[in-house]
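Let's take a friendly look at how two parts of one chain meet. Have the model open beside you as you read.

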Amino acid sequence: MTVQPFVSPDLIRQRFSKAMSDMYREEVPLYGALMELVEKTNRDVLEREPQLARQLHGSGEIARLDMERHGAIRVGTASELATLARLFAVMGMQPVGYYDLTPAGVPVHSTAFRAVHEAALQVSPFRVFTSLLRLELIESAELRAFAESVLAKRSIFTEKALRLIEQAETAGGLTEAEAEEFVLQALETFRWHHSATVTAAQYQRLSAQHRLIADVVAFKGPHINHLTPRTLDIDIVQAQMPVHGITPKAVIEGPPRRQCPILLRQTSFKALDEPIAFTDQAQAHGSHSARFGEIEQRGAALTPKGRALYDRLLNAARDELGDFPHEGNALHYNALMTEHFSEFPDTLEGMREQQLAYFRYFVTEQGQTAGHAQQISLEELLHTGQVKAEPLVYEDFLPVSAAGIFQSNLGDAAQAHYGEHANRQAFEQALGRSTLDELALYAETQQRSIAACADALGVKLI
Ligand code: OOG
Ligand code: NI
């Protein structure tokens, strides 16, 4: 008997991400339109900014640019979340970070499933922002019991998907044929359903409590609610969207426009109203809106010091605005953000010297041919041009931004105030494991790149 080799989890993730994108493009044509706009803008930017093109080539990031996307789903029970964690693990995706959305009036807490090693991210950076509904926040005991009973009846994974997850866990991987089947089966969990699992009246009651509760409870599964390509210039895409018949939200979430992008900037267009048949209707007489489009621009991952500065400046700008950003105050908000963020150094050197961002270090051509001292400092290697530093891409999400994205799609009516806040422990208990600390992951990547430089140059760093 010949032993079949396993397909690497990174390749399974890459194929799954492609399959998901194809499915979404087919089901939501506006996503296809957005993808085209992003692709064109990226091409223009690379032509206009040779320096940026060089940087993306230097770090190898250019290769992942077209594959880059994230998605989001919302699940209803602990067991759904725990099984999702196992499904994502087959694709080399781990839960990174904990996000509490209750301060923004959204009754969920979340994590991001993603690859954690820079080599794996290079193969496919695909990530899924995954939220767990907090049923304990439903005030009416009767409605809570109803929601629980509806969720208890559904099974969001196919039998075959469950079998293949088990197979991967016991055998230690999937063969080519199994991996192919796994991608098809896993996709089913994220598919849109045109019929609900409740009556129109039950849907209304759930929705009146919170639109998000209806979105999670009233359907057969956690439909993917958006997929987000990465653009190199989000301001251009935001400005171009209306020209292409797409209406963007009022403000771009995240830091203001800068020379050296940091963290994550995001904008989205409103969720589409789609026809739905409720269980007491033979045809699609109702409607539900959940699926939308989003774009993002990623910048440097920040160190704890950089992140603290970001949070302080963001809070200061929002405090001064005194309100959530919206259509009416968008210009004022943007001006306040620019003003406050002038305090954040906007050169790579400045960010590196003040240890505000994480970097990856690469040996330069010059370094490869230079004769080396046995002991040398990293600063000296940079100074003499033997090593160069490229910012490390931020791979995660931002709670205030995520809240803004949720809200723009749920409408103002979805504002609620919850007495309860973050509960990472409950989330991790549901997940069946702990979430990883994203800052530790960035620090490890940075450290590995420094060690690799020292190795390649045959020097000992002091
Ligand atoms: C997730 C919203 C958050 C992001 O990019 O911050 C998000 C959701 O609406 O389920 O996707
Ligand atoms: Ni998103």
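Across the interface of domain 2 and domain 3 in this predicted model, two residue pairs are in polar contact, both at pLDDT 80 or more. On the side of domain 2 that touches domain 3, helix H14 (residues 348–353) gives the most, with three residues. Sorted by class, that side of domain 2 has four nonpolar residues, one polar residue and one charged residue.

One salt bridge is counted between domain 2 and domain 3. Arg 352 and Glu 379 form a salt bridge, with their closest N and O atoms 2.9 Å apart.

Now to the extent of the interface. Six residues of domain 2 are in contact with eight residues of domain 3. Together the two domains bury about 640 Å² between them, and 67% of that area is on carbon and sulfur atoms.

| Domain | Residues |
|---|---|
| Domain 1 | 9–299 + 395–431 |
| Domain 2 | 302–352 |
| Domain 3 | 358–391 + 436–462 |

Between domain 2 and domain 3, the C-alpha centres lie 31 Å apart.

Notes
Residues are numbered from 1 along each chain as its sequence is written. Chains are lettered from A and ligands numbered from 1 in the order in which they are written. This is a predicted model: local features need pLDDT of at least 70, side-chain atom pairs count only at pLDDT 80 or more; totals for chains, interfaces and linings use all residues. Side-chain values use heavy atoms; hydrogens and water are left out. Domain bounds come from an automatic or database domain assignment. Contact means heavy atoms within 4.5 Å. Buried area is the accessible area (1.4 Å probe) that two parts lose on being put together, summed over both. A salt bridge is a side-chain nitrogen of Lys or Arg within 4 Å of a carboxyl oxygen of Asp or Glu. A polar contact is a pair of N or O atoms within 3.5 Å; within protein, one must be able to donate a hydrogen and the other to accept it, and residues adjacent in sequence count only if both atoms are side-chain atoms. Helices (H or I, at least four residues) and strands (E, at least two) are DSSP runs, numbered from the N terminus. Ala, Val, Leu, Ile, Met, Phe, Trp, Tyr, Cys and Pro count as nonpolar, Asp, Glu, Lys and Arg as charged, and the others, Gly among them, as polar.
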